[in-house]
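Could we go through this structure together and ask what stands behind each label?

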Amino acid sequence: MNTTKQEHRPWYKEPMMLLVIGLPLISVCWGMVMLYLAINTQDSLVNDTYYKDGVNYTEDLEHDEYAKRLQIAADIVFIDDEIHINLRGYLDEQPNTLQLQLIHPTLQDRDETVLMQRLEDGSYVGINDLELPQKRHVWLLSGEQKWRVRNTEVIEENKAFTLGKQ
């Protein structure tokens, strides 16, 4: 009678143990990495006031429509550290101040708001803190008269662009 003695290897040398222990171990490690990233990174694309913005969406469209009825257009140029705006349209009187919002396409913390003051010649001037050129959503608002013109522009130094009716 031939009896062969079967060799027994330790459990950690069995190839099947790599599947039994290895795959769950990799899953746990990957889960820890994802948890770390979820806790320690900022959600920059999510606006904290998303509900309020959604409720005010129709109101915002009314501001745009009002600007269209008045045929408001603004020529904007960035010169050195200043922003110059010439405003056109059927306005009863020129607003004393305008608000220029330079909104970054993805990062909320890079948004800029510039208060534009009216000069004696009827143009507006404000301070520029942007490093140019940059692509931005440009909104020009009048808080006094409740209108807004907006567009997406690549802003370059000494290069004029027009918002609103052209």
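Here are some questions and answers on the sheet, the core and a few loop residues. This is a predicted model, in which local features need pLDDT of at least 70, side-chain atom pairs count only at pLDDT 80 or more, and totals for chains, interfaces and linings use all residues. Residues are numbered from 1 along each chain as its sequence is written, and side-chain values use heavy atoms, with hydrogens and water left out.

Q: What makes β6 and β7 paired strands?
A: Strands are DSSP runs of E with at least two residues, and helices are runs of H or I with at least four, numbered from the N terminus. Two strands pair if DSSP finds at least two bridges between them. β6 (residues 134–142) and β7 have nine bridges in the antiparallel sense, so they pass that cut-off. Within this pairing, His 137 stands opposite Thr 152 in β7.

Q: Why do β7 and β8 count as edges of the sheet?
A: The open sheet of eight strands runs in the order β7-β6-β3-β4-β5-β2-β1-β8, with antiparallel pairing. β7 (147–155) and β8 (161–164) each have a single partner strand, so one side of each lacks a neighbour in the sheet.

Q: What makes a set of 24 residues a nonpolar core?
A: The term asks for buried Ala, Val, Leu, Ile, Met, Phe, Trp, Tyr and Cys residues joined through side-chain atoms within 4.5 Å. In the largest such core, Ile 76, Ile 85, Leu 87, Leu 100, Leu 140 and Trp 147 touch the most other members. β1 (73–79), β2 (82–88), β3 (97–103), β4 (112–118), β6, β7 and β8 each supply at least two residues of this core. In soluble globular proteins, nonpolar side chains tend to be buried together.

Q: How do you know whether Asn 128 is buried or exposed?
A: Buried means under 20% relative accessible area, exposed over 50%, and partly exposed in between (1.4 Å probe, protein chains only). Asn 128 has 5% relative accessibility, so Asn 128 counts as buried. Its place is in the loop between β5 (124–127) and β6. A polar atom of the Asn 128 side chain lies 2.9 Å from the backbone nitrogen of Leu 130.

Q: What are Gln 71 and Asn 158 called on that scale?
A: Gln 71, at 33%, falls in between and is therefore partly exposed. Asn 158, at 53%, counts as exposed. Gln 71 is in the loop between α3 (57–69) and β1, while Asn 158 is in the loop between β7 and β8.

Technical notes: Polar contact = N/O pair within 3.5 Å; in protein donor to acceptor, adjacent residues only side chain to side chain.
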